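Colleague: I have a model to go through. Please show it, then take my questions.

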Amino acid sequence: MAARQAVMLLLVVVLFRPGLIHSFQPLFSFDGNSTTHRVITERAVLRKTAEVCRDIAASEGRDFSLTIDDSLSIDKVQRACSSVGTSTSLLSTVIFQTSIAKMYFSNAQVDLIFALSEEHHFDDETFQGGRDVITAGVSAVKASVKKENFVGGRWILGAICHTLQDFYSHSNWVELGNNAPHSALIRPDQPLENLAGLSIPTCRNCTGGNCENNILPDVLQQGLLTSGYFNIFSSAKPAGKCSHGGLFDKTSKQDPVGGISKDDIGSSHGSLHHKAADLAVNATIELLEDIRLAVGDKNFLRLMGLSQSSVLCFVIDTTGSMSDDIAEAKRVSFNIIDSKRGTQQEPSAYILVPFNDPGFGPLIMTTDADIFKDNINKLSANGGGDIPELCLSGLQLALTAAPPSSEIFVFTDAPAKDAHLKSTITALIESTKSVVTFMLTDVLASRRRHRSTGGVSPRSMSQSDAQLYRDLARASGGQAIEVTKSDLSLVTSVIEDSSASAVVTILQVVKNPGRPDNFTFTVDGSLRNITAYITGTSSLTFNLSSSSGVSQSSSQSSGPLASFTTAGNLRRLSLNTDNQTGTWEIRVVSNNPYSVKVTGQSSVNFIFNLVEAHEGAHGDFSLKEGRPLSGGNASLLVSVTGSDTVKVTEVTLFDSSGPTEVNGTLQGFGSGNFLVTFSGVPAGDFVVRLRGEDSSSTSRATPSSFQRQASTQIKTSSISVTTQTNNTNIEPGSTVSIPFTVATTTNGVVNDSATGTFTVRANNDRSYSSTSPSTITIAADSGGKANGTVTLTVPASASSGTQVTLTIEAENTAATDINYAVLRFSVAAKVTDVSRPVCQVVSSSTNCPSSSSLCASSQWEFIANLTDGINGTGIESITIRQGNGTLNTSTVVGTGGENITVATYIASCCSQNVELAAVDGVGNVGTCVGRARESTTAGPVTTATATVNTTSSGGHTLSISHCLWISAAVYFLWK
């Protein structure tokens, strides 16, 4: 197969709404030459991720050949950080791309949620307030990572990056001639110095629209720090102060007129825009390094989303009749773990959620396969006399804990007792884009195969019960596989298929009601291991035809095009494409409901996110939760990354129930971006289909066509649900109020004469106390809108880093239309320990030979005492940041009652430098640097002896008597 570059297509659905933005443009530059928050964030993430991978490779003695600069791409970094090897190896960047997208969407959201908050943009000289936003956010990120809440951590990280980046655009840091980031912004224990006081004038009028020299010379000469004032309602500002500037800033119309913004090249100080953007990139890298030191390299890469493999996630019914199902879940999960352990395909995490009635959970989430094995081994089938179980409650936990675009497998043989959560589950599926596949055993069986010793009541799942699971599977792009317990092992190969690398969906359709139909799909040269899944009744037949005209019927279990197995309602076809690229066809004959899904392995894939556009100072986009509006205009913004050989030729919204296919009009947008516009998207359940051409193959004279389909459905709604929240962090023991608005729309626009009553439901995945109205009514003369409030109370016992997901739904009285908003909050206790650990160097041996040729035969020792003070949270970890030696740590109580951690580092004299990173309980980081000296003359020393408990880097504990040396001859640096 010809070498081809991995490709990621970022697909963004766009709707329109007015708004106001004053910062670096959030996502996209329309002047073609300005740098956006998205680009700044992505550059910083890629550079820091590459640096971490480089350092890991060096510590393991591996080569790392990637040049780290602003030209990095997601594909290049992912490949360099992996051990895949050649450029022809399959590589999926979906998880990495999705994770980075969540960060820059969160970044962009700050311009909406905190549009008029001066501290979130460093406007109005609010430097202390801006730093408080950053440092509180950094603490919340570190707490989230500590709880392995990487999804919540990314969302917080993106938001604080916005505030940090705005400092360089909105202040005069660049004009003061600074070429490095302002490190005090991320270090609350350092003072903010040289701030221009409220009474100190900082600007003069711009002349003739030219603002290049409007900052007063005295301000520049004294190095005073200022930022522009900004207000869209009032022109008032302190006398002599600089303004932000721009069309919407009324303060810039009052003396001194003009502004100092560097948001884009057309801003008042636009000539300094690129320098401000470069500093913002470096400042973001500095912030990421601080987080890296606090959480460690492995967790940092998980926070960035650098993973080629998805999670392995099981939601399992543990009632009395499920012993066979649990045994099969154990078997298939153990097989995946054992076969992929230590490879690039090893699951990035393991999630297990048991459920029954009356309980569900706890959720087990771990990166340790053995812990997952132990927990699934502990599952036992018992109880279950009451037929329905809390299946959807367990699934809700899995959907909110798993990373976006995960695949979740649910094992059950009972109906859902909590069917009222169906709309909540659907909202979470659409929001997370996770795929849910149900393994349903003994559907419609009159009795169980096994009875517990206590006697399990006969149970059955009606067609309506099973239909709930089928509907959820369809919404997610998963499957509802119905099989007897004895045949369950024949269909769990679906789970193993999904755990392969770089799995893509080529085609998926559901027919309900069923009717005979033909389905075509394109096989391209990048696809490997193509598999088709057909579910339906036993009377269903099919015929498969290749691009070369060869065909095979369902009466041939092994033929020229495929071999297939049948178990329950599932036919699994392993296709033999034999280089037969082009258009293939599956004809299905059935009058009963059925589904067809075709997948393969390929580096070519895409993701999509629903966003909405905003007019104003920076016409741009932000992430939109909820469903698009029926009849409204919509656009898709397609960004091709990783290769310039892929050309998008067609993007459609496809509804197979009609069938309805809405074609978009493509317009080139530069740098691999395409704007796809739709007019009047009708009501329906759509999936996104994308077609294009790849000219990377040198063996063909013409480009190869390819086809991909998104798994998650996009449903339209005539109901609008919007929320207003000004904080996504909640302290334990506090209550947050979330105002929301419900409106009826016509053709995508609020119908201001509409009236009506809507059912309101508010659910959260933590079962925290919450209040909400049960209904809301749009009254006459209300402008077609109604307002309500939901409250959420976090218990005082909740730990920092916990994420809670709140879903607010509004449904019409006929129960035919529903829309929702999904909000994610992070529990963040107020951090009072802002001081970094303190280092006192005790000794450094000086007996290394002066000749480098003799270094291997000698060692040197470095000893340092590290403390976090009596009121600190304590030293939690000490790691080697630089050096190839061995680190041992020990603890002792100091004379003032403080805990002292003694770090002893021993290395070969060939490695004469060491840098240690010390992290306290809330993630404050201090670094300590030492170096061996070649001097043979020791300075005066004093000694102290103490008995300490020592822990080596290998984790062993022992009691020793140790001399603590304090030497004035030691070279050290405390950063």
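Predicted model: local features only at pLDDT ≥ 70, side-chain atom pairs only at ≥ 80, totals over all residues.

Colleague: Is Phe114 buried or exposed?
Modeller: Phe114 sits in the loop between helix 3 (94-113) and helix 4 (127-146). Helices (H or I, at least four residues) and strands (E, at least two) are DSSP runs, numbered from the N terminus. Buried means under 20% relative accessible area, exposed over 50%, partly exposed in between (1.4 Å probe, protein chains only). At a relative accessible area of 14%, Phe114 is buried.

Colleague: Which residues is Phe114 in contact with, leaving aside neighbours within four places in sequence?
Modeller: Contact means heavy atoms within 4.5 Å. The contacts of Phe114 are His120, His121, Asn726 and Asn727.

Colleague: Why is strand 14 largely enclosed by the rest of the structure?
Modeller: Strand 14 pairs with strand 10 (residues 528-535), antiparallel, over 5 bridges. Two strands pair if DSSP finds at least two bridges between them. Strand 14 covers residues 570-575 and is largely enclosed because the number of its 6 residues that are buried is 5.

Colleague: Which residue in the turn between strand 13 and strand 14 has a positive phi?
Modeller: Strand 13 (residues 562-567) pairs with strand 14 in the antiparallel sense over 6 bridges. Ala567 is opposite Leu570. The two strands form a hairpin with 2 residues between them, and the residue with a phi of about 60° is Gly568.

How values were computed. Residues numbered from 1 in each chain as written. Heavy atoms only, no water.
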